[in-house]
Amino acid sequence: MYPQIPNLYQVQVRTCTLSETHLTRFRTTLIHGFLPRKQLRLLLGNRSQGFRARPFRDPSKARLSNRFLQRQRIHRRPDKQHRQKGARRAHVQPHKRLLPKFQFLLSKGASNSDIVHLVDRCPRLIGSSLENNVIPTFELVRRFLQYDKKTIDCVLASRHFLDYNVAAQNVNMLLGVGVKDSNIAYLFRTRPSILLSSDLMRTVYEVKEMGFDPSKISFVMAMHAKRGISKSRWDAKVDAFKSWGWSEDMVLDTFRKHPLFMLMSRDKINEVMRFWVNRLGWDPLAIARSPKMFAYSLEKRIIPRGLVVRYLIAKGLREKSASLFTPFSVSEKLFLENYVMRFKEEMCQLLKLYQEKMSFQENREDGVAAGG
């Protein structure tokens, strides 16, 4: 049914932390050729997930296992140092617990290195049920992403994969309030951890109170932003905008138009506004009409294009009433054609401005003097 995997060999662990007691009781195996030797901190590792295996009934196998682990330079530490708050314990029986899960993931297109990565990020895979958790979770995600490859990518991106019950409840709740399948797919692609939140209903109510329509993509984008920003960070960003003359209502209105703009850091907000106002001499309130400006690279796009546009306006080569934002949104090819190359007499100066690379520190130092 699933791809066949070669024989099992003893686990090859380069750097693990095991107590003497765990060392003598530890039994686990490695699928030969499946988990790359250099990558393995897997079933036990520096994160000390606390998996405890059943003791060998055959003493000779226990001695063989201990000698093998010693040859692999597994470091011993006292039990007290090895234990970790909240550590889980699981009985690892490779043929019964591990192979079926690995085989299932391989059958869905995961690579060997993908599974190494997944177990390292999500050790609960080892102790979880294939039938009750792994398969239902995979199928839940696939329902919305539709392709095995996209589903595997989503699974690999989430540390909290396998919380099937929580994810299923949240998905049903979102469908119940009117969120479309395509918008739930957006959450699985961009921020799957949101769908594993135990208090997601609170965020749904909050976003609805802000005026977002659950049937629109902006609703899940707003959820993405609100779940990604603590209240203190949100307030700090609002304060940053206020320092440039925005009102709190302006911030909320802009958030409704482009929810992800609030994911920008406070430093990025201040850097863009400082260049826009101090260097270019433009209205700080105007940028609210195109909040995606904050997503552009300051050095690679905003600074060089802003300098070119300001020069064109100063020379009377561009109407002051023309959109300030179109030059920033077009491709580099179109920008060069429409705002640099077409002005033959000014081309050398425009190219010099466009190719000018300056750190933000330089921009900060001469911003006020060069503005206007």
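Predicted model: local features only at pLDDT ≥ 70, side-chain atom pairs only at ≥ 80, totals over all residues.
Buried means under 20% relative accessible area and exposed means over 50%, with partly exposed in between. By that scale Asp199 is partly exposed, because its relative accessible area is 30%. The structure holds ten salt bridges and zero disulfides.

- Asp199 pairs with Arg202 in a salt bridge, and their closest N and O atoms are 3.0 Å apart.
- Arg202 has a relative accessible area of 48%, so this residue is partly exposed.

**Glu206 and Lys226, a link between two helices**

- A salt bridge joins Glu206 to Lys226, with 3.0 Å between the closest N and O atoms.
- This pair connects distant parts of the chain, as the two residues are 20 residues apart.
- Glu206 sits in helix α11 (residues 200–209), while Lys226 sits in helix α12 (residues 217–228).
- What is the relative accessibility of Lys226, and is Lys226 buried or exposed? The value is 17%, so Lys226 counts as buried, given that the buried class covers anything under 20%.
- Glu206 has 28% relative accessibility and therefore counts as partly exposed.

- The side chains of Asp253 and Arg256 form a salt bridge, 2.7 Å from N to O.
- Both residues belong to helix α14 (residues 248–257).
- They are three residues apart there, which is about one turn of the helix.
- Asp253 has a relative accessibility of 40% and so counts as partly exposed.
- Arg256, with 37% relative accessibility, also counts as partly exposed.

**Cysteines and disulfides**

- A disulfide is a covalent bond between the sulfur atoms of two cysteines.
- How many disulfides does the structure hold? The count is zero.
- Cys154 is buried, because its relative accessible area is 7%, under the 20% cut-off.
- Cys348 has a relative accessible area of 69% and is therefore exposed, being over the 50% cut-off.

Definitions and conventions: Residues numbered from 1 in each chain as written. Heavy atoms only, no water. Disulfide = S-S within 2.5 Å. Buried < 20%, exposed > 50% of the residue type's maximum accessible area, 1.4 Å probe, protein only. Salt bridge = Lys/Arg side-chain N within 4 Å of Asp/Glu carboxyl O. Helix = DSSP H or I, 4+ residues; strand = E, 2+ residues; numbered from the N terminus.
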